[in-house]
Amino acid sequence: MSPYEGQTFFGFFSQLFIRLWHSVSSSDFSLASDEIQILALVGIAISSALVGSFLVLRKMTMVGNALSHTILLGILITFLMTRESILGEITYHKAEPMHIQSLLLASLGVGLLTAFLTETLHRKLRLQEDASIGFVFTTLFALGVTLATLLTRNSHIGTEIVMGSVDALQTEDLKLVWVIAAMNLVLTLLFYRGFLITTFDARLAAMLGFSATFFNYLLMAQVSATVVGAFRAVGVLMVLTFLTGPVLAARFLTHNLNRLIILAIVLGSACSVIGVALSRHFLSVYGLSLSTGGIVVCVMTLVFAVTALVKHAKG
Amino acid sequence: MSILSYFTDALLRGPTVGSMLMCATASLIGAIVYVRKQSLVGEALSHATYPGLILGVLLYSWLANENDDLLLSILIMIGAFFTALLGLYCVNILQRKLRISGDAALCFVLSSFFGIGITLASHVQFTHSMLYRKAQAYLYGQAATMSDIHIILYGSLLSIVLVAILVLYKEILTITFNRDYAKSVGMPVRKIDTLLFLLTTLAIVVGIRSVGVVLVSSMLIAPPIAARQLTHRFSTFLILSLLIGLLSGFLGNYLSTELSQRFSAQELKTRFIFPTGPSIVLSAAFLCVFSLLYKVIRKRTHQS
Amino acid sequence: MEEPKTALSIEDLTIQYEKTPVLKNITLKVPSGYIVGILGPNGAGKSTLLQAALGLLKPLSGTIRFFGQPLKSVRSRIAYIPQRQAVDWDFPLTVRELVLMGRYGSLGVFRRAGKQDWQIADKCIELVGLTNFKDRQISQLSGGQQQRAFLARALCQEADIYFMDEPFTGIDLTTETIMMNILRELKAQGKTVFIVHHDLNTADEYFDWVIMLNGHLIASGNMQEAFNTQNLLATYGKVHPGLFP
């Protein structure tokens, strides 16, 4: 029985604060499912805002889309290697450090593979850039779905992959999400100057010795990790809203990179919390069991529309 | 299963010929989209169809009394068409009015529309579970339940696209290759642009039944890439794209049917349906890789 | 009123781009039968003038007339050769298909190109010396050959006025010779050719009329009259040392 059962939207928040107090004061505390969802989505929102900001500014969002598709292969490879998986009904073991490591390594590998194949098609075979990336990720994704269907013997696995299942998240999933969020925070802080310069001034970057290629690949590695973390919660496609929505909304409100990232993090997290609260509200009041991930996306879209209107009205 | 039976058998020919016609439509338009360097627009359009699909399903549940598969197909297509155009309109607004770069606009629209669709779908999941499953089949395509009526339906839609391209061949070629020149000669550039967008949306909406929402954009990308490696004449390029699409549609169906049978036999439990979409996409990808290799080898032998 | 001898007549033309004036109050008249050079430094508005003439840009004010008539009445008599960079040469197109495009304007929407059109295209290809390259893909041509293909396309239009945007940039000697011969032939037939040109050194070889621009009109007239030190200074801010020894 979840402590949030039967709560309406505003009741949800009062319950949340009660629980917050409870978590600090009491020794016997375990996370309710709604709280796990909030923590997971917020963690994903933080990672997404960090990498998404640079993706948007460097006009590489399609690469983000591509990676979120091809990552499926990375997850399958991890499954084959460790016999543990974050896919569907296959038994999900505790996220041992080894497991997270192999998952991240595999995702990095697939990210590099995607980049390599795209570059080969574009540079060596002189194919158009848009067609190159489109061909690579749709093919790798189709391959992934086929393999996943064969391995899990579940013909509906494809659906689960694109829909995610926020409601099925466990405490173990939080570990993966927050390890990745921490990683992204550290890497972004560490390489901040480099990211900044290679994004805005290619010539200056070259003069100062910052390798544009290095930062591109670093960003792609971070994106790969981010989408792996988001995979189970929101699935392949909705993570793209996490990556672009809050950043685009924040962009209407500020042009300063620092503020943009922080604002994106705040907006993304807020949408996540509101989304979970709304999901609970719809269940309690209307008896509708809606996709929480979907609701968060709807909220993010709404926030985007509102900020766009505000900016447009100001002129 | 002999290959001929795929065209004659009452159960098989609907899916097979239907898929072939759909993929041919997508690939033909894909060729034009390819030369306009808008290959990724298909991604946005296809994902934007998803909420419309669900709306079509809802509409069907209100209108239809008995099991009318054709009505369902048509309503789904209308809904999909509507939201796809809406998505395209949003991408335009994002780019023109809000000064958002093209790639971010596409990605945001495609994912948010899809998310809205998922929210709607989750609602339908419990209220109309039978219909929900039918709608979800459009995610990766399920040609299996198509009948002869669909062959006529999709054949007509392919014909519309073919006629449009044949009649406006000169305009499409000139506007795509050299827009300013086309304007200087007095061609109706804006009107043709609009027509092409409508045709692209139509092709996508037609394609999602066989390949599914998630993967249909690859039918606009892979066959044209393959065709491009085999010819440098524009007219031939269009024809080859269509043919390769046709072939992919067949191969994909053949593979998924054979694999489904193989697996159903093994599992013995519920009938295992291998989704059509990925098989068609992989077939197209295979043909594409084959063409790329062919071109590379030909280049090497030419040089030596 | 019919003014058949005036190929181009511009009256008080002003063009803005995002609130900044690019061309101001241009008024000029050019008689037919000349090879006209449109000269000026970068950003002077040369290509802008061309685009306005072709209806690709909307001016803020002013009128442009060809033989005394507005563009839409005489479109079929005007041919445009854009810059080579305006086009993606990797497009799946053969030389023959590119040149055939020149026939499309006269066909209108519902007619298809027939045998006669292909023959005209082949003839124009022959005129520019590209017959051996007829079925090649356009990226397989050199820069000069590509320019010639563009010229062949324009010739297919059988127009009376030709607008060319920097056709002499980066071409080989053969191309230059062929092109100049064709231009002189066009002049002999009474046609008028307008060429946006950036290289001062070659101006007096090619043109017999010049339009000199620098945001506004410096001069428009016969080569001998208009192409002098005073106008060159006003246009470019300097005179190339090699020009007037």
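# Briefing on a predicted three-chain complex

From the N terminus on, the elements of chain B run α-α-α-α-α-α-α-α-α-α-α-α-α. The radius of gyration of chain B is 20 Å, close to the 19 Å that the globule rule gives for 304 residues, so chain B is as compact as a globular protein of that length. The model described here is predicted, and the predictor gives the complex an ipTM of 0.91 together with a pTM of 0.88. Of the two pairs of chains in contact, chains A and B share the most contacts, whereas chain A and chain C do not touch.

**Chain B as a whole**

- Chain B contains 13 helices and zero strands, and its C-alpha atoms, taken along the principal axes, fill a box of roughly 60 × 50 × 30 Å.
- Of the 304 residues in chain B, 57% count as buried.
- When contacts in chain B between residues at least 6 apart in sequence are considered, 77% of them join residues at least 24 apart.

**Confidence in the model**

- Chain A averages a pLDDT of 85, with 94% of the residues scoring at least 70, while chain C has a mean pLDDT of 89, with 95% of its residues reaching 70 or more.
- Within chain A, confidence is lowest in helix α1 (residues 9-25), at a mean of 79, and highest in helix α2 (residues 33-57), at 92.
- Over residues 88-98 of chain A the pLDDT stays under 50, and for this stretch the model has 14 contacts beyond four places in sequence.

**Where chains A and B meet**

- The contact between chains A and B takes 44 residues from chain A and 43 residues from chain B.
- On the side of chain A that touches chain B, the elements that give two or more residues are α3 (61-82), α5 (129-152), α6 (157-163), α10 and α12 (292-314) of chain A.
- Helix α5(A) gives the most to this side of chain A, with 11 residues.
- By residue class, the side of chain A that touches chain B divides into 21 nonpolar, 20 polar and three charged residues.

**Where chains B and C meet, and the gap between A and C**

- The contact between chains B and C takes 19 residues from chain B and 21 residues from chain C.
- On the side of chain B that touches chain C, α8 (169-177), α9 (179-184) and α12 (234-267) of chain B each supply at least two residues.
- The residues on that side of chain B divide into seven nonpolar, six polar and six charged.
- The nearest C-alpha atoms of chain A and chain C, which do not touch, are 9 Å apart.

**The nonpolar core**

- In soluble globular proteins, nonpolar side chains tend to be buried together.
- The largest nonpolar core of this model has 276 residues, and those with the most contacts inside it are Val109(B), Val36(C), Val99(C), Ala152(C), Tyr162(C) and Phe163(C).
- Helix α10 (residues 212-253) of chain A gives the most to this core, with 24 residues.
- Ala152(C) touches Val99(C), Cys124(C), Ile125(C), Leu127(C), Val128(C) and Leu130(C), when residues up to four places away in sequence are not counted.

- Helix α11 (residues 257-286) of chain A has 30 residues and reaches 42 Å from its first C-alpha to its last, which is close to the 44 Å expected at 1.5 Å a residue.
- After α11(A) comes Gly287(A), whose phi is positive, near 70 degrees.
- Phe231(A) is found in helix α10 of chain A, and Phe231(A) counts as buried because 25 other C-beta atoms lie within 10 Å, where the cut-off for a buried residue is 20 or more.
- The C-alpha atoms of Phe231(A) and Ala142(A), which are 89 residues apart along the chain, are separated by 16 Å.

**Positive phi in residues other than glycine**

- Lys59(A), in the loop between α2 and α3 of chain A, has a positive phi near 55 degrees although the residue is not glycine, and with 13 C-beta neighbours inside 10 Å Lys59(A) counts as partly exposed.
- Arg99(B), in the loop between α4 (69-96) and α5 (102-127) of chain B, is a residue other than glycine with a positive phi near 55 degrees, and Arg99(B) is exposed, with 10 other C-beta atoms within 10 Å.

Notes
Residues numbered from 1 in each chain as written. Chains lettered and ligands numbered in written order. Predicted model: local features only at pLDDT ≥ 70, side-chain atom pairs only at ≥ 80, totals over all residues. Contact = placed C-beta atoms within 7 Å. Helix = DSSP H or I, 4+ residues; strand = E, 2+ residues; numbered from the N terminus. Nonpolar A, V, L, I, M, F, W, Y, C, P; charged D, E, K, R; others polar. Core = buried A, V, L, I, M, F, W, Y, C linked by C-beta atoms within 7 Å. Buried ≥ 20, exposed ≤ 12 C-beta atoms within 10 Å, placed from the backbone. Expected span 1.5 Å × (residues − 1). pLDDT = per-residue confidence, 0-100. Rg over C-alpha atoms; globule rule 2.2 N^0.38 Å.
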